[in-house]
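Dear colleague,

Please find below the structure that I am handing over to you. My notes on what was found in it follow directly after.

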Amino acid sequence: MTNFYEMANRNNNLGTETAFTVLAKANKLASEGKSIINLGIGQPDFQTPEHIVNAGIKALKDGHHGYTQSTGMPKLREAVSYDIFRRHSVKVSPENIIIVPGGKVIIFFSAMLMGEKNKEILYPNPGFPIYESAINYSGAKAIPYELSETEGFSFSADDILKKINQNTSLIIINSPANPTGGVVPKLELEKLAKGLEKFPKVVLMSDEIYDQFCFGENDFTSMLKFPELKDRLIILNGWSKTYAMTGWRLGYGVFPRKLCEIAEKLAVNIHSCVNASAQYAALEALTGPQNCVEEMNQTFKKRANFMFSKLNELNGLNCQKPNGAFYCFPNIKSTNKNSLELQNILLDKIGVATVAGTSFGKFGEGYIRLSCANSHEAIEEAISRMKNIF
Ligand SMILES: Cc1ncc(COP(=O)(O)O)c(C=O)c1O
């Protein structure tokens, strides 16, 4: 059939998240009877804790079936504000918080708020692929800064600051990081905050979605800790990873007042509000018992340590110890295969789903990402299958 329409050009700039493509392929192979171990998608393999699920069910039964405020229920915004204070001792007004359907939305909002033709946005590479995609869609120029293995996959504040020019409107940072498991030391964050004083027009978006999964020598430091950035700082966070709630679609953004007003308009235009019962579940997650978070953190830490040491026993792989999030990002350069080739070999030949480093940007070539969000037994079995390849 011939199409006579002409799609808007900007759609050619949209990227994607290959982890979902790998997931679809892995699910298809599994449905055909192949034994698949999924170390591809980045989602906790735990169930959402029962008290949180029950709060969602109760909300539905109690008749919370309607729209809520587009910024989120006031008591949920208050709970987020309190949670930030409890964890970081920083006061954020609930008025500056917007509840959204998944942390990802904040990436898009940030790109839409600050990106347009002739603007430049800096982002980590390798990094979460939606950064580059959203920047390109906004019309701005996407300027990568490299996270290198030799620096423990942390960024150098000097490197970022050097890339700023009069067109730079936004900088995106992410720590603990997907896909590398790197955590940026506090000193480097301080250096960035201090260095940005010279560039008052530049907004910073800090993606802190893995903040509670930090288990290396560097503790997590929120960018909220730097008051000098207060008026131009966007924070991305949410419930997906912390409370094993990826499918509930729940995230939040902290915005400075001026940006918050536009973010609210974007929310009204795009999704009206987040599912009401999910917001009640989110409220319970923040106000209920927190031991589930620590338990998951400890489990990811054990698995990450196990996975990274086992990967290093395989010929041709060299893996740094992850300090946070739930991924290992081994260097595969000695295998003489590129990242995509290896991703395909692992899935097609031995049924192990991973994601090629290049899915996270050009500096991801020579690496693959394996998620620790699977059981110890599954990880052990995957490594034992990998021994037939390496
Ligand atoms: C770094 C990073 N930011 C944001 C997100 C989006 O999270 P959500 O599922 O809440 O949209 C992810 C999900 O994998 C992520 O890895």
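Helices (H or I, at least four residues) and strands (E, at least two) are DSSP runs, numbered from the N terminus. The model is predicted, with pLDDT of at least 70 required for local features and 80 or more for side-chain atom pairs, while totals for chains, interfaces and linings use all residues. Residues are numbered from 1 along each chain as its sequence is written, and side-chain values use heavy atoms, with hydrogens and water left out.

Overall fold. The chain contains twelve helices and twelve strands. Its C-alpha atoms fill a box of roughly 60 × 55 × 55 Å along the principal axes. The radius of gyration is 21 Å, which agrees with the value near 21 Å that a compact globule of 390 residues would have; this quantity is taken over C-alpha atoms, and the globule rule is 2.2 Å times the number of residues to the power 0.38.

Backbone features. One runs from Ser175 to Pro176, with omega near -10 degrees, and Pro176 lies in the loop between β5 (168-174) and α7 (186-195). Another joins Asn125 to Pro126, with omega near 5 degrees; Pro126 is in the loop between β3 (120-125) and α5 (129-138).

Ligand site. Around the ligand there are 13 residues (a heavy atom within 4 Å), and Asp207, Tyr210, Ser240, Lys241 and Arg249 come nearest.

On its own the ligand has 390 Å² of accessible area (Shrake-Rupley method, 1.4 Å probe), of which the protein covers 94%.

Yours sincerely
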